[in-house]
Amino acid sequence: MELFNAIAKRHSYRGSFKDIAITKQDLQKIVQAGIDAPSGCNAQTTSFIIVDDEKILDKLNEIVSGKAMNTAKAVIVVLSYPIEAYYDMSFAKEDYSAAVENILLAVTALGYATVWIDGQIRREEKAEKIARLLDVPNNLIVRVVLPIGVPKVKKEQKAKLPFNERAWFNGYKK
Ligand SMILES: Cc1cc2nc3c(=O)[nH]c(=O)nc-3n(C[C@H](O)[C@H](O)[C@H](O)COP(=O)(O)O)c2cc1C
């Protein structure tokens, strides 16, 4: 899929997925898109666990629920290493955000769908429970889970404000 088409077609999908497996090759391609994202000082603070084992998927679903998590053929768990990369500055949040967006576009380009689950896992110690399930070391933070599959229902990206309400040439609101 052409890049600008993938950007327009990307949407948050929270519905059920079809019973169609995702090949390891596609999963690797999707996660490579995350690895290829930029990071502050090229510190590469983001890492990934790809879960495609049904037993582990079931256990993840006990922690994070919803139709997408329930029926996902794979879940990518995004980990962040919150180090100071430049003087006392950490770019870890920006790093994982860039990686996740690349992954969302790759997922879309390959005909799958997903949703960026982030806020939801910061409650009720869900991120910590996921970390324990997947043997994530204490110095890394589980930031995002991305349930992936072939969507059962066709959905669209949420409407965005028009260009001239969010962007201007050569000065604010010019
Ligand atoms: C930082 C961030 C956190 C998010 N957390 C969640 C979440 O916990 N659960 C969820 O269902 N969607 C979550 N989303 C998805 C947004 O709700 C979604 O992107 C937004 O409503 C716009 O819809 P669209 O993705 O279809 O354009 C998150 C998105 C971002 C960028």
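**Entry 1: strand pairing**

I looked up Val75 and found that this residue stands opposite Pro147 in strand 3. The model is a predicted one, in which local features require pLDDT of at least 70 and side-chain atom pairs count only at pLDDT 80 or more, while totals for chains, interfaces and linings use all residues. Residues are numbered from 1 along each chain as its sequence is written.

I took helices (H or I, at least four residues) and strands (E, at least two) as DSSP runs, numbered from the N terminus. Two strands pair if DSSP finds at least two bridges between them.

In general, strands of a sheet pair through backbone hydrogen bonds, either parallel or antiparallel.

I recorded an open sheet of three strands in the order 1-2-3, with antiparallel pairing. Strand 1 and strand 3 are the edge strands, each pairing on one side only. From one strand to the next the twist averages 20 degrees; axes are lines fitted to C-alpha atoms, for helices over the stretch in contact, and angles run from 0 to 180 degrees between N-to-C directions.

Which helix packs on the sheet and touches strand 1, strand 2 and strand 3? I found that helix 5 does so, its direction making about 160 degrees with that of strand 2. Contact between two residues requires that their C-beta atoms, placed from the backbone, lie within 7 Å. Helix 6 lies across strand 2 and strand 3, and runs at about 80 degrees to strand 3.

I applied the burial classes next: a residue is buried if 20 or more other C-beta atoms (placed from the backbone) lie within 10 Å of its own, exposed if 12 or fewer, and partly exposed in between. By this count, seven of the seven residues of strand 2 are buried, and seven of the eight in strand 3.

Side chains in a regular strand alternate between the two faces of the sheet. In strand 2, Ala74, Ile76, Val78 and Ser80 point one way, Val75, Val77 and Leu79 point the other way, and all are buried.

I listed the contacts of Ile76, leaving aside neighbours within four places in sequence: Val31, Phe48, Ile50, Ile103, Leu146 and Ile148.

**Entry 2: the ligand shell**

Which residues surround the ligand? I noted His11, Ser12, Arg14, Val115, Trp116, Ile117, Asp118, Gly119, Gln120, Gln157 and Lys158, where a residue is near a molecule or strand if its C-beta atom, placed from the backbone, lies within 6 Å of it. The shell divides into three nonpolar, five polar and three charged residues. In this division Ala, Val, Leu, Ile, Met, Phe, Trp, Tyr, Cys and Pro count as nonpolar, Asp, Glu, Lys and Arg as charged, and the others, Gly among them, as polar.

**Entry 3: individual residues**

I located Tyr86 in the loop between strand 2 and helix 5. Tyr86 is exposed because 10 other C-beta atoms lie within 10 Å. Not counting residues up to four places away in sequence, Tyr86 touches Gly40 and Cys41.

Glu101 lies in helix 5 and is partly exposed, since it has 16 C-beta neighbours inside 10 Å. I found the C-alpha atoms of Glu101 and Arg10 separated by 9.7 Å, although these residues are 91 apart along the chain.

I checked two residues for positive phi. Glu124, in the loop between helix 5 and helix 6, has a phi of about 55 degrees although it is not a glycine. Asn170, in the segment after helix 7 (163-166), has a phi near 65 degrees. Glu124 counts as exposed, with 10 C-beta neighbours inside 10 Å; Asn170 counts as exposed with 5.
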